[in-house]
Amino acid sequence: MPLIIGVTGSIATGKSSACALMAAQGAKHLDADRLVHRLYDPGKPAFDRIVGIFGEEIVGADGYIDRKILGSKVFGKPEEMNRLTTAIGNIAEAVKGVVDEWNMTLGENDVAVLEAVNLIEAGYGQWCQSVWLFACDEDTARRRLMQRNGFTMEEADQRLASQRAWQDREPASDRVFHNDGDLDEFTDQVAAAYAETVRLARDGRLPVSGYYDWWEQRAAQSNS
C-alpha cells in the first residue's frame, strides 16, 4: 500500500500548488474538486438534478454547468450549498473508489496525494497517513482570487464567506503550512516536508496521524 498524504485548506491557500510540486516528484494526485465536477457532466444524473434546482441559466454555451455562475448561487449560502451537495450524489463513494484503486495498485514505496477542501470534515483523512493543512490570511486570499480568477472584491468575499477558519481544522492536522509570503520559501517548505514524510514512511517511523484521534472524538461527541 502507498503512503497517502491528505491535503486540505480553504480557497487560495496554495494547496494545489503544493500538490503540483509533490506530483512533480512522482506522487499520484487526486483533486477531489475535479472529480466532483465530473460527477455532474452533461448526461450524468446529477446534471439534471442541479439544473432542476438552480435553473437553465447555470448551463454555459458549451453545454456544461458554468461553475462560476453556479458558485455565485451557493457560496456564502449554506442552505443552497447543502442542496447542491445533495444533488451531486455520493461524493465520498467516488473519492473512496480512487483511494481503493491506489491501495490495490500502488506499492509501499509509492506516494499518493488526496486533495480536498473538506477532507477533514468529510472523513477522508481516515484514508491518509498524514494530513496537511494549508492556510493564509483573508487579505492574501482575497488578493489572489481577484488576481488569479478575475473576481471582483464582492465575488471574492462571497467565496471567502463560505470557507472555514484554518484554526478549526488545525486539531485534525499533522502539519500546518502558512502561505502568506515568498513563493520560493513556501515551495522550499513543502518540498522539505514532503521529503521528510516520505523518508519517515519508508523507514517505518512516520508517526500515526493525529487525525484518527480527532475523528474518533468527533464520532463520540456525535453519539453522545
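Visitor: Hi! Is arginine 164 buried, partly exposed or exposed?
Guide: Hello! In this predicted model, arginine 164 counts as partly exposed, because its relative accessibility is 47%.

Visitor: And which side chain does arginine 164 meet in a salt bridge?
Guide: That is glutamate 121, with an N to O distance of 3.4 Å. The pair links distant parts of the chain, 43 residues apart. Glutamate 121 lies in the loop between strand 3 and strand 4, and arginine 164 in the loop between helix 8 and helix 9.

Visitor: What about glutamate 121, buried or exposed?
Guide: Glutamate 121 counts as buried, since its relative accessibility is 16%.

Visitor: How many salt bridges does a search of the whole structure find?
Guide: The search finds 12 salt bridges. One of them joins glutamate 196 and arginine 175 at 2.3 Å, N to O. Here, glutamate 196 sits in helix 10 and arginine 175 in strand 5.

Visitor: Which residues do salt bridges that share partners join into one network?
Guide: Glu138, Asp139, Arg142 and Asp157.

Visitor: New topic: at what angle do helix 7 and helix 8 pack?
Guide: The angle is about 125 degrees, and their axes are 9 Å apart. The two helices are therefore oblique to each other, and helix 7 passes helix 8 in a right-handed crossing.

Visitor: Which residues meet there?
Guide: From helix 7 come Glu138, Ala141, Arg142, Leu145 and Met146; they meet Met153, Ala156, Asp157, Arg159 and Leu160 in helix 8. By class, this contact has 6 nonpolar, no polar and 4 charged residues.

Conventions:
Residues numbered from 1 in each chain as written. Predicted model: local features only at pLDDT ≥ 70, side-chain atom pairs only at ≥ 80, totals over all residues. Heavy atoms only, no water. Axes fitted to C-alpha atoms, helices over the stretch in contact; angles between N-to-C directions. Helix = DSSP H or I, 4+ residues; strand = E, 2+ residues; numbered from the N terminus. Parallel < 35°, antiparallel > 145°, perpendicular 65-115°, else oblique. Left-handed = near helix turned anticlockwise from the far one by under 90°. Contact = heavy atoms within 4.5 Å. Nonpolar A, V, L, I, M, F, W, Y, C, P; charged D, E, K, R; others polar. Salt bridge = Lys/Arg side-chain N within 4 Å of Asp/Glu carboxyl O. Buried < 20%, exposed > 50% of the residue type's maximum accessible area, 1.4 Å probe, protein only.
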